[in-house]
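Have the viewer open as you read.

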Amino acid sequence: MAYEKSIAAFEEAYKVIPGGVDSPVRAFSGVEGTPPFIERGEGGYLCDIDGNRYIDFVQSWGPLIFGHCDADIEAAVMDAVKKGLSFGAPTTVETALAEEIVTLFESIDKVRFVSSGTEAVMSAIRLARGFTGRDDIVKFTGCYHGHSDSLLVQAGSGAATFGNPSSPGVPADLTKHTLLATYNDIESVKQCFADSKEGIACVIIEPIAGNMGLVPADESFLQELRTLCDAHGTLLIFDEVMSGFRASLKGAQGITSVKPDMVTLGKVIGAGMPVGAFGASAEIMAHLSPEGPVYQAGTLSGNPVAMSAGLASLKKLKANPAVYVELGNRAKKLMEGFKKAADAVNVPMVTDVRGSMFGFFFSDKPVKNFADAMENDQKMFAKFHKGMLDRGIYLACSSFETGFISAATTDAMIDDAIKAAYETLKEIQ
Ligand SMILES: *Cc1c(COP(=O)(O)O)cnc(C)c1O
């Protein structure tokens, strides 16, 4: 494949945008080559400015569950656009989208819309702290909750559970309230509770982790987490910005029996427009401004165009619940195909699927947490990614990301991707 125009576009972008991108992972730093610049999407395909066409397994990192340019969503957006882009005043479409979410999620009585997943989680944490009157929070190493200060914390070294900031510019004074635990390891959470002097406001978790590759939480682990939180008056937050409407219609909550106190959403609820949301019981949400004292606001929050896109997408999902069976079957077929291709050339690989989410690691042992994920063969992944891209298969450009199937991803596209995996693995083994 030729990438000349994209390479030139990247160089030009580099001069005026740091790293040439507006979100770091897009820069292809973890893989070989430079990022294709995208001209347009077509259902399950992505087309770049050099005229290459790819089968898209990124789908804008999750939001596009119906693929690119879905006619129903497009129509809803165009309708809204013609009425005005933003009013900064209440509209009925916000209530309509809120009603959809409240009826779907048992743990949500009320929901507040924001403009990104980062904002949703940041605001949920503030509300949890305001509600409990405590500052300390627990997060899991390898879980991503957006780039707000208290959540941008990497693994502390050795036994220390108190977090160190993972970026310059984040004061240690802020992250000292973020305690780190190990995913799927309840003892590490108990240690955080023991280490916290004043008590823990909330434990935040991706119930199906998608930002260290796809690493689902064990059901027993989530149950123990629930019990522990209840015993300490600590709120349990499920960050379902990625898994919401992806793992199932109800996200992870359609799979596990464990009920969180608060939920954060994003990605699919905006269908490709900037939307995030956080919700909880009426009692907890009553602490939020203007009902309560915990401040949170946004000029473009509940933007009518974005809300219309989300509403059209959720309505379509609810009207076609069988879509999740199809998406899940295709995700399974793809992962079984990749696994067979890897077996054929004796390359170790482990795979997993949750609804329309899929993940694979070049590793010979099951991945239960971030340390396991770190052991994957990243050089092999980089070569695999490049070989697949050259064969027209667009995979996330990092071994720590989740892949997505859209309703526009056909069985024939899955077959093409599996064929490309065989060829690529044979070439790079
Ligand atoms: C993507 C993501 C976020 C951040 O959302 P943005 O819209 O990128 O700010 C937060 N939490 C999880 C689990 C995510 O996958």
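## The cavity

Searching the whole structure turns up 1 cavity of 30 Å³ or more. (A cavity is a set of points on a 1 Å grid over the protein atoms alone where a 1.4 Å probe fits but cannot get out; lining residues have an atom within 4 Å of a point.) Keep in mind that this is a predicted model, where local features need pLDDT of at least 70, side-chain atom pairs count only at pLDDT 80 or more, and totals for chains, interfaces and linings use all residues. Residues are numbered from 1 along each chain as its sequence is written, and side-chain values use heavy atoms, with hydrogens and water left out.

The largest cavity has a volume of about 90 Å³, that is, the space filled by probe spheres set on the points, which are joined across faces, edges and corners. Its lining includes F57, F358, F381 and E401. Strand 16 (residues 357-361) gives the largest share of that lining, 3 residues; strands here are DSSP E runs of at least two residues, numbered from the N terminus.

Pairing takes at least two DSSP bridges between two strands. Strand 3 (residues 53-56) and strand 17 run parallel, joined by 2 bridges, and D56 has Y394 as its bridge partner in strand 17.

## The ligand

A polar side-chain atom of D239 sits 2.7 Å from a ligand nitrogen atom, and a polar backbone atom of G117 is 2.9 Å from a ligand oxygen atom.

Key. 1 Å grid on protein atoms, 1.4 Å probe; cavity = no way out; pocket = protein on both sides within 12 Å on 5 of 7 lines; lining within 4 Å. Helix = DSSP H or I, 4+ residues; strand = E, 2+ residues; numbered from the N terminus. Polar contact = N/O pair within 3.5 Å; in protein donor to acceptor, adjacent residues only side chain to side chain.
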